[in-house]
Amino acid sequence: MSDEKTIICRCEEVSLKTISETVYQYNCSSREVKLRTRAAMGYCGGRTCRHVIDTIVADLNQKAVTDEIQLSYRPPVRPITFGALGGGYHDNESC
């Protein structure tokens, strides 16, 4: 399987080739890869690809993976109305 076809971040469709080129061009950390490529910024918030990206970047930079988490992730968020936020009514209720 080629690097170009290997998708690492399914949510943002970021390939291994894109991540590798970014690391080689900028000599960056996994956090910088995230910011430059949007890898781990999709709907899952990095839950499925964060560890893989950390490992790839550490391997390409020839540095050991540390125990500290470089990439943060956030829970998926869906839009809500201000009324629902303020407790006035819920999305499924009529005005």
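## Overall architecture

From the N terminus on, the elements of the chain follow the order β-β-α-α-α-α, which amounts to 4 helices and 2 strands. The model described here is predicted, and what follows should be read as a description of that model.

Of the 95 residues that make up the chain, 32% count as buried. When contacts between residues at least 6 apart in sequence are considered, 50% of them join residues at least 24 apart.

## The two sides of helix 1

Helix 1 spans residues 16-26, and within this helix Leu 16, Ile 19, Ser 20, Thr 22 and Val 23 are buried. These residues lie on the same side of helix 1, because they cover an arc of only 160 degrees around the axis. Tyr 24 and Gln 25, by contrast, are found on the other side of helix 1, where both are exposed.

## Packing partners and the end of the helix

Which elements do the buried residues of helix 1 pack against? Their partners include both strands named in the packing, strand 1 (7-9) and strand 2 (14-15), together with helix 2 (30-37) and helix 3 (50-61).

Just after helix 1, the backbone at Asn 27 takes a positive phi of about 50 degrees.

Note on methods
Residues numbered from 1 in each chain as written. Predicted model: local features only at pLDDT ≥ 70, side-chain atom pairs only at ≥ 80, totals over all residues. Heavy atoms only, no water. Buried < 20%, exposed > 50% of the residue type's maximum accessible area, 1.4 Å probe, protein only. Arc of directions from axis to C-beta. Contact = heavy atoms within 4.5 Å.
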